[in-house]
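Here is a short briefing to read with the model open on your screen. Take the topics in any order you like.

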Amino acid sequence: MATNSKRFKLDDGSDDASSLQNFLQWCDRVGLKLNHNKVYVSRKGTQADYGMLAKEDIEEGEVLFIIPRSVLLHQGTSKVSAVLEQGKELLESSSGWVPLLMALLYEYTSPESPWAPYLSLWTDFSRLDQPFFWSKEERGTLLRGTGVPEAVERDLAKIQKEYSTVVLPFIAQHTDLWNPSIHTLQLYTRLVAFIMAYSFQEPLEEEEEKEESDDDEEEEEKASNLPMMVPMADMLNHVSNHNAHLEYTPEFLKMICVRPIRKGQEVFNTYGQMANWQLLHMYGFTEPYPSNCNETADIPMANLYKVAAQGVQSDLDRQLVEEKRALILKMGEKAAFIFGKQGCLTDMELHTTLKVLCMSREEFQEFRENEGWEEDEEADEEKVSLAFSNEGLPGLPAPWKWLIHAAARLTLDSYGSAEGGCLDRDRVLIEDKVQLQGLNPRQLRALQVRHGQKSILDRVLALTQS
């Protein structure tokens with residue numbers, strides 16, 4: 001791979017061409033090696049914003065670029081790393097992101113930052129368009145029922161609390177490095193969105209993931225998996241059916257082609273198995289319906305409780321439902337059951353919940369006294385998975401199907417009749433190319449999220465119809 005900066009070519013006529021050229025020259029200086037014979041970076045011909053395109057045919061296994069670990073931007077490589085390490089106890093938070101955010105606050109506003117050519121690609125973060133930056137009314141109207149508005153509200157509350165209780169006190173102790181009038185809550189929030197959209201987390205080894213660790217080891221594992229900024233790798237856009245993958249070695253990070261890419265095609269990385277609501281929430285984009293094979297829809301556990309309690313007349317029966325609910329929560333079951341395109345993805349949890357909710361008073365008493373949940377955990381996972389697949393759902397016991405059906409209906413009703421509308425309305429809209437062209441980007445992305453979720457719930461309704 002040659003690294004002569006003169007070899008970098010830009011097929012980009014935008015006002016950002018000079019920033020991109022400066023970034024590519026910086027890559028050359030710091031030893032980030034781009035396979036210039038096979039790929040180039042552009043804002044033309046890409047799925048969104050910056051992206052990477054194939055200059056020539058690329059075969060599986062070819063290396064697209066190599067990134068030295070010294071180029072990565074995180075709290076350990078920043079100029080303020082010593083200060084952050086010294087004050088790490090003061091920077092502890094539930095997110096674990098504050099040290100990286102403090103490093104980004106410093107480097108982003110420092111003209112002398114070694115990463116200035118990289119960070120200058122995001123002059124004001126105006127291209128970030130996660131629902132963070134939508135109005136509350138937009139979120140409530142366009143994304144009602146999807147779970148995104150609630151997730152954003154939780155995030156914003158955590159960010160504000162983290163900034164006021166952790167960041168500002170730390171800034172007050174280091175006014176030579178940070179300034180509250182420059183490093184504001186607004187900038188902090190935008191950097192959170194930047195990390196969400198562009199950071200990477202190094203995957204843990206399999207043995208680490210499986211290891212039963214004590215509290216100290218869990219904290220060490222969490223620290224080793226913190227996000228970091230990876231120049232060049234974050235240029236690649238995402239699709240679920242990706243053609244490139246980032247590999248990690250002790251010295252370098254390498255982007256490897258994992259399936260043939262033809263000349264002119266875009267190089268896509270993957271951000272993981274993510275539904276459209278997750279892509280929108282974290283990254284600000286969606287995959288066009290129905291191309292996202294990882295699409296999911298949640299049925300809240302609370303909806304199952306609601307339908308289980310319907311028609312209950314006596315105080316004793318209401319108490320029984322509450323006791324079942326308390327036991328299920330004690331067993332650590334999920335707050336929602338996740339359905340994908342092929343069936344329920346949280347099948348074991350749903351199996352246990354339905355089993356308990358449908359028990360008679362006598363069965364439940366015996367189950368509780370014998371700590372029957374331990375026996376339930378040993379249920380045949382393969383049989384349970386098949387039972388809650390699209391093929392298996394119609395064959396579930398009638399009471400179980402009724403609970404799933406009624407909870408799915410209740411969930412569909414939560415989308416309301418405003419912009420979200422009914423399934424048929426969104427289906428007509430998504431299939432009408434003329435109407436689609438009249439939508440603004442936020443309306444279009446919200447439609448992709450709504451319709452993807454409601455299509456899955458509609459399928460669940462059909463499969464559980466008595």
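Is Tyr163 buried or exposed? Tyr163 is buried, with a relative accessible area of 7%; buried means under 20%, exposed means over 50%, and partly exposed is in between, using a 1.4 Å probe and protein chains only. Please keep in mind that this is a predicted model, in which local features need pLDDT of at least 70 and side-chain atom pairs count only at pLDDT 80 or more, while totals for chains, interfaces and linings use all residues. Residues are numbered from 1 along each chain as its sequence is written, and side-chain values use heavy atoms, with hydrogens and water left out.

**Aromatic rings**

- The structure holds 17 aromatic pairs. Rings of Phe, Tyr and Trp (its six-membered ring) pair if their centres lie within 6.5 Å, and planes under 30 degrees apart count as stacked, over 60 as edge-to-face and the rest as tilted.
- Tyr106 and Trp178 make an edge-to-face pair, because their planes stand at 75°, with the ring centres 6.5 Å apart.
- Tyr106 belongs to helix 3 (residues 98-108), and Trp178 to the loop between helix 6 (148-173) and helix 7 (185-198), so this pair ties together parts that are 72 residues apart in sequence. Helices (H or I, at least four residues) and strands (E, at least two) are DSSP runs, numbered from the N terminus.
- Tyr106 and Trp178 are both buried.
- A tilted pair is formed by Tyr163 and Tyr188, at 5.5 Å centre to centre and with 50° between the planes. This pair links distant parts of the chain, with Tyr163 in helix 6 and Tyr188 in helix 7, 25 residues apart.
- Tyr188 is buried too, with a relative accessible area of 0%.
- One aromatic cluster is formed by Phe23, Trp26, Tyr108, Tyr118, Trp122, Phe125, Phe194 and Tyr198.
- Arg43 lies over the face of Tyr50, 5.2 Å from the ring centre. A charge sits over a ring if NZ of Lys or CZ of Arg is within 6 Å of the ring centre and within 35 degrees of the ring normal.

**Nonpolar cores**

- In soluble globular proteins, nonpolar side chains tend to be buried together.
- The largest nonpolar core here has 83 residues. Such a core is a set of buried Ala, Val, Leu, Ile, Met, Phe, Trp, Tyr and Cys residues joined through side-chain atoms within 4.5 Å.
- The residues with the most contacts inside this core are Phe23, Phe65, Met102, Trp178, Phe194 and Met232. Helix 7 gives the largest share of the core, 10 residues.
- Which residues does Phe194 touch, leaving aside its neighbours within four places in sequence? Phe194 is in contact (heavy atoms within 4.5 Å) with Leu104, Tyr118, Leu119, Trp122, Phe125, Leu128, Ser199 and Met229.
- Another core lies apart from the largest one and has 39 residues, among them Met301, Ala308, Leu354 and Leu403.

- An open sheet is formed by 4 strands in the order 1-4-9-8, with antiparallel pairing. Two strands pair if DSSP finds at least two bridges between them.
- Strand 1 (33-34) and strand 8 (244-248) stand at the edges with a single partner strand each, so one side of each is left without a neighbour in the sheet.
- Strand 4 (residues 63-68) and strand 9 (residues 252-257) run antiparallel and are joined by 5 bridges. Val63 has Ile256 as its bridge partner in strand 9.
- Strand 2 (residues 39-42) points Val39 and Val41 one way, and Tyr40 and Ser42 the other way; all are buried.
- Strand 2 is joined to strand 3 (residues 51-54) by 4 bridges, and the two run antiparallel. Leu53 is the bridge partner of Tyr40 in strand 3.

**Backbone details**

- Tyr289 and Pro290 are joined by a cis peptide bond, with omega about 5°. Pro290 is in the loop between helix 10 (276-283) and strand 11 (296-300).
- Asp49 has a positive phi, near 50°, and is a residue other than glycine. Asp49 sits in the loop between strand 2 and strand 3 and is partly exposed, with a relative accessible area of 22%.
- Met232 is not a glycine either, yet has a positive phi of about 80°. Met232 is in the loop between strand 6 (228-229) and strand 7 (237-238) and is buried, with a relative accessible area of 1%.

**Cysteines**

- A search of the whole structure finds 0 disulfides, a disulfide being a pair of cysteine sulfur atoms within 2.5 Å.
- Cys344 is buried, with a relative accessible area of 6%, whereas Cys358 is partly exposed, at 30%.
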